[in-house]
Amino acid sequence: MTLLDIRKIAVLRANAIGDFIFALPALASLRAAYPAAEIVLLGQPWHKRFLEGRPGPVDRVVVVPRKRGVREDRETAGEQDPPEAVERFFAEMRDERFDLALQMHGGGRNTNPFLLQLGARVTAGSATADAPRLDHTLPYIYWQHEIARLLEVVGMVGAR
């Protein structure tokens, strides 16, 4: 099922380099399915430094605020950004008017509520039994290979 009128896609994947590498096949599939859409990676500061100016499936990186279960930096040992900074982030993201937002960052207990605050027209991702559901949700199975899981997530929205 390819979605219609997808011009801007947010992908939440704010973790380490190995996790990003596991996401590359899914990001490439997403790019192939929606070649004209802008793909915005919601990630870590290192994503922005590493990906800026490089070719690939991601057009732009927006650094997400430090928030438990979403972005936890080793060097800041559990510190979180102030609530007003987090609210400012979500206001800016809602102004982006994402057509599609994908949660590609774990079982969804913390990340699905985060993703839902973006205000995207359509949401998709995985979820454990205790995580909020998105518009398109598949069960998060811990022992499933990460590349396969992420390919299934983008497959729910038309990427093959």
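Helices in these legends are DSSP runs of H or I with at least four residues, and they are numbered from the N terminus. The model shown is a predicted one.

View 1. Ile147 has its place in helix H5, and its relative accessible area of 24% makes it partly exposed, because partly exposed residues fall between the limit for buried, under 20%, and the limit for exposed, over 50%. When residues up to four places away in sequence are not counted, Ile147 touches Phe22 and Pro25.

View 2. Leaving aside the neighbours of Ser29 within four places in sequence, the residues in contact with Ser29 are Leu151, Val154, Ala159 and Arg160.

**View 3. The largest nonpolar core.** This core has 29 residues, and the members that touch the most other members are Ile9, Val11, Leu30, Leu102 and Met104. Two or more residues each come from strand E1 (8–12), helix H1 (17–33), strand E2 (38–43), helix H2 (45–51), strand E4 (100–103), strand E5 (122–127) and helix H5 (146–155). Helix H1 gives the most to the core, with five residues.

**View 4. Leu102 and its surroundings.** Not counting residues up to four places away in sequence, Leu102 touches Ile9, Ala10, Val11 and Leu12, and its other contacts include Leu30, Leu115, Ala124, Val153, Val154 and Val157. Leu102 is also one of the residues that touch the most other members of the largest nonpolar core.

**View 5. The largest cavity and its lining.** One cavity of 30 Å³ or more is found when the whole structure is searched, and the largest cavity holds about 30 Å³ of space. Its lining is formed by Gln103, Met104, His105, Gly106, Ser126, Tyr140, Glu146, Arg149, Leu150 and Val153. Helix H5 gives the most to this lining, with four residues. Sorted by class, the residues that line the largest cavity are four nonpolar, four polar and two charged.

Methods
Residues numbered from 1 in each chain as written. Predicted model: local features only at pLDDT ≥ 70, side-chain atom pairs only at ≥ 80, totals over all residues. Heavy atoms only, no water. Core = buried A, V, L, I, M, F, W, Y, C linked by side-chain atoms within 4.5 Å. Buried < 20%, exposed > 50% of the residue type's maximum accessible area, 1.4 Å probe, protein only. Contact = heavy atoms within 4.5 Å. 1 Å grid on protein atoms, 1.4 Å probe; cavity = no way out; pocket = protein on both sides within 12 Å on 5 of 7 lines; lining within 4 Å. Points joined across faces, edges and corners; volume = space filled by probe spheres on them. Nonpolar A, V, L, I, M, F, W, Y, C, P; charged D, E, K, R; others polar.
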